[in-house]
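Subject: Structure handover

Hello,

Here is the structure we talked about. Please open it alongside this note; my findings follow below.

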Amino acid sequence: MKDSVTEEHLYLGFSHQYNDSIFPLHTSISLFLLSYCDCKLFKIFLVPTGEDVDDQLVTENLLGDLEVHVMSRNELPVVVQSCCLPAVVVKDGKFCRAGLSVVLRHVIQKTYEADPSKKDVWELLGFKQTCLKACAEVSQWTRLCEISIPLAVEEFLTVSPDHCQTIPPAVLQLERKLGEPVRVHNDDKIRRQKLQQQRAAVPLLAKAVAEEGKTLEMHEYPVPSLELSMAFSKLLVQEATDAVSREAAHIRRTKTSDLPLLDHIFAEGLYFTVADIVLLPCIHLFLVSCKTQGKHLLNLPLISNWYQRVQEVPGVKKAAAKCGMEFLQLPELMSASEEQLQDFSAVPDELEEENEDSHFIGGPRPTMTKLMENGVEAKFAPHPCPTWTLDWAHLPSAVSPGEGKMSKDRALRKQQQLNNLASAVTKLAKPGDMIVDFCSGGGHVGIVLAHMMPSCQVVLIENKELSLIRAKDRSDELGLNNVWFIQANLDYFNGTFNIGVALHACGVATDMVIEHCIKAQAAFVISPCCYGFIQNTVKFKYPRSHQFKEILSYKEHMTLCRFADQTAVQLPPERKLIGKQCMGLVDLDRAWAAEEQNYSVQVISMEPESCSPKNNMLVGIP
């Protein structure tokens, strides 16, 4: 085990205790992972959500061998007070990681860094370490695991047992997901092995059944699961493919479309990941509550099988015992009658957006003409200071975007983009203002602003850890004392601020930033990007403004978004002009939506326009 690991502080919310869990469930999940990883690298603080929470309210048997302290909300480091819990902060208090998925992934990474022999812990991050990496706003799976199921179970437990309850839609959604075919990176190879195993087993089964004088029914004599053997052989650090020899020629010739599909073993497919860690405490509590209330809600065969299977993963029962979780056993889960089984295909997928007509054919001209007939055209406000520029030649090298691996041409364009955003922000900012750089990436905007305006506090928010670490390294090199760094999805930042800024916020992220600014009654300076990625989500529906909704359908608005992405340098001039007009219309819709919230908004073209194909800038003032 490596020495000299920097101590980090882990802050967990605490509202109340119920049976064998601490609420909110994000806290129970975090503690369960710490126990599973046998991780003692963090100093843990429970932060009561109410005012009158006794230090002794948490039963020790729910904390296992973890030492936990209690801290009030107003004692938290200032950067953590701006975030939803759980959150992790390094000792200097400037770098914070917030939100369940980000924190759990960090715990796993730190555990493995401290003890590389814990390969089973590292495997929790999944293929290419991407498990629960995508933010909940763009990933339906992350949203289901991180938000929907914990909230659904918490709500289920708060309803009086006297009230008849149905299975929460999020739990039904998980049942449906577990019934979907598994897709993995070596999908074709494993499916051929499964086909070979099935064909080899059928003659043997037929012979055995014939000897009993019966007819062969496959559901009565299931073939041993290849998926199951692969999943557990990986957990036991064995070669999964040893049990299956090279495919026969007729197997290799089988069309991919004729191969058998793979079944779920764990939540994400064949292998045990952090998604299972997140779901287990939630589903456990849900099943225990159903059993306690005597409710016949256990018509969830796939979840029941998954719940039982997860218990057999090495280390899970030990971790559960540390956290005071007493697992139910399979016989107790089989009480549902045939009449109670539901048709899961009829269950609406609340996370699947009703994006009808998202696959459309046709150009933008009919949509643009329709808008023009209603008096709507792309309009750009004059640039307030088109020749304004930073004195790049005399700035420290760590301020300049060219210090990285950029080409000279790209570095120049990035400087021009920063000139535009910085000029707008400096006109709005006052000493003492809090400026938030959303989707900050490597910190190009935030570091420039922090260096220019030392009297303002700048916060960089970014979901990608490596990008944010690069930004902190640049900040440390410059000796900046007015910068905080938050690795989190945007939804986990809830602090107050005066100005929000974002350079090339991708797709829906632009609308998320505008929403944050409106909630905080903050000004915003935003350059949108990736218009083609815009689509309806759980939180955002398009068009955004009342005026556009009266004229355009969702399909027509998506036509504008699709063609707004066609502004690349190599395209014909006429095509680029149409793309620019579509960008202007999409951003006009955003501007009008903000004006409905009592904002004054201008859509401006950056100067020079050649600094980026995505050269629009939205400047909003409450």
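Which residue forms a salt bridge with Asp 433? The partner is Lys 430, and the closest N and O atoms are 3.6 Å apart. Asp 433 is buried, at 5% relative accessible area. Bear in mind that this is a predicted model.

**Salt bridges**

The structure holds 16 salt bridges. Another one links Lys 317 to Glu 312, with 3.7 Å between the closest N and O atoms. Both ends are partly exposed: Lys 317 has 42% relative accessibility, and Glu 312 has 45%.

Asp 587 and Arg 590 also meet through their side chains, at 3.0 Å from N to O. Both sit in helix α21 (residues 573-595). They are three residues apart there, so about one helical turn separates them.

**Thr 510**

Arg 590 turns up again here, in contact with Thr 510. Thr 510 lies in helix α18 (residues 509-519). Its relative accessible area is 0%, so Thr 510 counts as buried, the cut-off being under 20%.

**Strand β8**

Strand β8 covers residues 434-438. Five of its five residues are buried, so the rest of the structure largely encloses the strand. Which way do the side chains point? Met 434, Val 436 and Phe 438 point one way, while Ile 435 and Asp 437 point the other. In a regular strand, side chains alternate between the two faces of the sheet.

β8 has parallel pairings with two strands, β9 and β11. Five bridges join β8 to β9 (residues 457-462). In that pairing, Phe 438 stands opposite Ile 461. Between the two strands, the chain passes through helix α16 (residues 444-452), and this β-α-β crossover is right-handed.

With β11 (residues 499-506), the pairing runs over three bridges. What is the bridge partner of Val 436 in β11? That partner is Gly 500.

Best wishes

How values were computed:
Residues numbered from 1 in each chain as written. Predicted model: local features only at pLDDT ≥ 70, side-chain atom pairs only at ≥ 80, totals over all residues. Heavy atoms only, no water. Salt bridge = Lys/Arg side-chain N within 4 Å of Asp/Glu carboxyl O. Buried < 20%, exposed > 50% of the residue type's maximum accessible area, 1.4 Å probe, protein only. Helix = DSSP H or I, 4+ residues; strand = E, 2+ residues; numbered from the N terminus. Contact = heavy atoms within 4.5 Å. Pairing = 2+ DSSP bridges. Right-handed = clockwise from strand over helix to strand, strands pointing away. Lists of a residue's contacts leave out its neighbours within four places in sequence.
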